2 protein chains.
Amino acid sequence: MNSTEQNCAALAERLTASGLRPTVQREVVFKVILEKRDHPTADEIFARVKAEMPTISLATVYNCLETLVSCGLIRQVNLERAPTRYCPNLHQHAHFHDETTGQIHDVDLPADLLTRLHAVLPPGFDAKSIELTFRGSAGSPRPELVEGRGRAGNNPHGTN
Amino acid sequence: MNSTEQNCAALAERLTASGLRPTVQREVVFKVILEKRDHPTADEIFARVKAEMPTISLATVYNCLETLVSCGLIRQVNLERAPTRYCPNLHQHAHFHDETTGQIHDVDLPADLLTRLHAVLPPGFDAKSIELTFRGSAGSPRPELVEGRGRAGNNPHGTN
DNA sequence: GGCATCGTTTAGAATTGTTCTAAATCCTTG
DNA sequence: CAAGGATTTAGAACAATTCTAAACGATGCC
């Protein structure tokens with residue numbers, strides 16, 4: 001049993017476990033993502049899949065991708081095509097995206113943590129910027145500790 | 001001199017320093033972003049600005065935002081409206097976005113760093129996922145150290 | 001001051017990535 | 001085999017953003 005067959009088996013298993021059908025389309029989409037590990041876009045995947053299955057439609061590729069993501073077989077990198085947001089806090093800081101409320105909070109990043117983050121890069125990789133986003137829910141204990149009320153940056157524009 | 005006037009002065013200074021003109025539109029857009037530090041989208045900014053300048057157009061808001069970003073007065077959060085990318089590496093890892101080539105490389109994250117990252121959140125904030133993206137250029141020394149050749153995850157799908 | 005020039009704004013069209021829709025097709029099960 | 005649901009398909013719809021061309025406005029030069 002070669003690697004491709006193994007992956008197909010794993011795929012089929014996951015799908016049926018979630019009450020979904022293992023279809024050729026899902027198989028092929030999964031396969032092309034595994035074949036070349038280069039973070040392709042939906043369009044690129046569509047092109048590659050089309051090469052061996054010319055009848056497939058873009059919508060199906062999107063469907064398959066969604067299915068694979070929901071089964072935990074692949075991940076999306078640029079999560080959610082949300083509108084770009086703008087932020088007056090110019091200090092290095094992370095964002096906490098509260099998925100329950102949709103709100104975004106600034107989170108301070110200590111200098112030594114930033115150093116550690118840069119240190120994690122292999123030699124030759126020079127990062128001009130770091131984007132760090134947490135996703136989850138914030139609950140609501142201690143509102144005095146969150147954004148705009150005593151934390152997150154020393155306020156480069158003098159607002160508040 | 002109040003805070004708004006200060007900010008306008010700072011804005012005017014930055015703009016002229018970059019050979020750009022301080023216009024009312026740029027001023028108002030900047031102002032509404034500072035007023036309410038809540039990471040608004042372009043549409044939201046458009047709505048707020050329209051309240052005090054009903055003739056402004058959406059395109060102008062986009063223009064102004066771009067200008068403010070390029071002057072370093074604000075930052076964009078969801079940088080670049082790029083197509084979503086898909087990734088078969090299911091391990092916790094960061095991405096290095098090489099802006100010269102457009103390529104995305106996986107970068108391993110040691111467990112203790114992840115712990116530190118979670119520790120940075122204020123109490124009550126519960127992060128289900130962390131998204132960490134570096135942007136910069138990779139140069140090309142030591143190709144044997146980068147993605148797909150010995151680093152970045154122990155390969156959950158058995159590819160390569 | 002008048003005029004050419006260049007930066008800026010505007011409205012609307014165009015583009016891009018993605019999702020929706022409705023019909024066709026495919027499996028599965030009874 | 002028929003009924004039912006799941007899946008695929010093509011194309012329309014959508015949302016965020018960018019482009020375009022025309023109008024406008026400020027600035028510099030004589």
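Mentor: Happy to! Let's start with how the elements get their names: helices are DSSP runs of H or I with at least four residues, strands are runs of E with at least two, and both are numbered from the N terminus. Please keep in mind that this is a predicted model.

Now to your part. With four residues, α4(A) supplies the largest share. Sorted by class, the surface has nine nonpolar, eight polar and four charged residues.

Next, follow those helices away from the DNA. In chain A, the elements run α-α-α-α-β-β-β-β-α-β from the N terminus, giving five helices and five strands. The largest nonpolar core has 18 residues, and Val29(A), Ile33(A), Ile45(A), Val49(A), Val61(A) and Leu68(A) touch the most other members. At least two residues of this core come from each of α1 (3-17), α2, α3 (42-52) and α4 of chain A, and also from β2 (86-87) of chain B. Here the largest share, five residues, belongs to α2(A). As for chain A as a whole, 28% of its 160 residues count as buried.

Finally, see how the two chains are joined elsewhere. Six strands make an open sheet in the order β4(A)-β3(A)-β5(A)-β5(B)-β3(B)-β4(B), with mixed pairing. At the edges sit β4 (104-108) of chain A and β4 (104-108) of chain B, each pairing on one side only. From one strand to the next, the twist averages 25°. Strands of a sheet pair through backbone hydrogen bonds, in either a parallel or an antiparallel way. Strand β5 (residues 126-137) of chain A and strand β5 (residues 126-137) of chain B run antiparallel and are joined by 11 bridges. To find one pair on your screen, look for Ser129(A), whose bridge partner in β5(B) is Arg135(B).

Methods: Residues numbered from 1 in each chain as written. Chains lettered and ligands numbered in written order. Predicted model: local features only at pLDDT ≥ 70, side-chain atom pairs only at ≥ 80, totals over all residues. Nonpolar A, V, L, I, M, F, W, Y, C, P; charged D, E, K, R; others polar. Buried ≥ 20, exposed ≤ 12 C-beta atoms within 10 Å, placed from the backbone. Pairing = 2+ DSSP bridges. Axes fitted to C-alpha atoms, helices over the stretch in contact; angles between N-to-C directions. Core = buried A, V, L, I, M, F, W, Y, C linked by C-beta atoms within 7 Å.
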